[in-house]
Amino acid sequence: MLNYPSTASIIVLTRDKYGGEVRIDKNGVARVYYKVGDHLVRSLLQGLEKALRLFEAAGAEQIVLPQFDEPVILPPLSDPKGREKVLERIIKETQDIKFPLYKVPLFSAHQMGTCRMGTDRRASVVKPTCEAWECSGLYVIDASCFPTSSGTNPMITTYGIAYMAAQGLVQRQASSLPSRY
């Protein structure tokens with residue numbers, strides 16, 4: 001913790017091609033079923049390599065990765081060839097180790113597409129207005145109504161969806177109010 005003021009973290013975002021499922025097991029407990037596919041591993045390794053190169057170029061003194069039991073100390077900035085040698089070793093070893101189950105945490109930073117928006121109730125959860133097909137008055141107004149994951153930060157698109165849904169709600173409420181005259 002003493003090094004916390006000079007610590008930097010980074011996450012590698014990628015787009016999941018295959019997805020997973022949440023199913024209820026025989027004991028009534030929700031279980032996540034997810035297989036890390038080859039495409040995802042390649043994409044994560046490419047992003048991790050870029051992140052490692054970024055940190056080295058920024059002058060990192062050590063690199064901490066869940067693939068390794070100990071931090072990897074980089075040679076001083078005055079030894080660029082030594083730094084490059086250690087960096088290439090780290091990259092090679094992470095490519096060999098990959099992402100072992102239960103050792104390297106993988107997580108989702110932006111869940112998208114879990115309540116898909118669409119015009120066909122058989123292939124979507126919410127209507128284009130963001131209202132649920134099966135529950136009148138229930139609106140889903142976040143990145144979960146995307147048709148699929150965008151692979152990037154969804155903030156601006158989510159704001160657009162929220163604005164669109166809010167305008168529709170205003171119109172719906174205005175048309176349901178009794179006239180004063």
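1. Let's start with helix α3, residues 155-176. In this predicted model, α3 has 22 residues and spans 31 Å between its first and last C-alpha, close to the 32 Å expected at 1.5 Å a residue.

2. Which residues of α3 are buried? They are Thr158, Ile161 and Ala165. These three cover an arc of only 65° around the axis, which puts them on the same side of α3. An α-helix has 3.6 residues a turn, so residues three or four places apart point the same way. On the other side of α3 you will find the exposed residues Ile156, Tyr159, Tyr163, Val170 and Gln171.

3. Now to the charged pairs: a search of the whole structure gives 11 salt bridges. One of them joins the side chains of Glu21 and Arg23, at 2.5 Å from N to O. Both partners are partly exposed, Glu21 at 41% relative accessibility and Arg23 at 38%.

4. Helix α2 (residues 80-97) holds Arg89 and Glu93, which are 4 residues apart and so separated by about one helical turn. Their side chains form a salt bridge with an N to O distance of 3.2 Å. Arg89 is partly exposed at 39%, and Glu93 is also partly exposed, at 26%.

5. Do have a look at Lys127 and Glu131, whose closest N and O atoms are 3.7 Å apart in a salt bridge.

6. Finally, a network of salt bridges links Glu49, Arg53 and Glu88.

Notes. Residues are numbered from 1 along each chain as its sequence is written. This is a predicted model: local features need pLDDT of at least 70, side-chain atom pairs count only at pLDDT 80 or more; totals for chains, interfaces and linings use all residues. Side-chain values use heavy atoms; hydrogens and water are left out. Helices (H or I, at least four residues) and strands (E, at least two) are DSSP runs, numbered from the N terminus. The expected span of a helix is 1.5 Å times one less than its number of residues. Buried means under 20% relative accessible area, exposed over 50%, partly exposed in between (1.4 Å probe, protein chains only). The arc is that of the directions from the helix axis to the C-beta atoms. A salt bridge is a side-chain nitrogen of Lys or Arg within 4 Å of a carboxyl oxygen of Asp or Glu.
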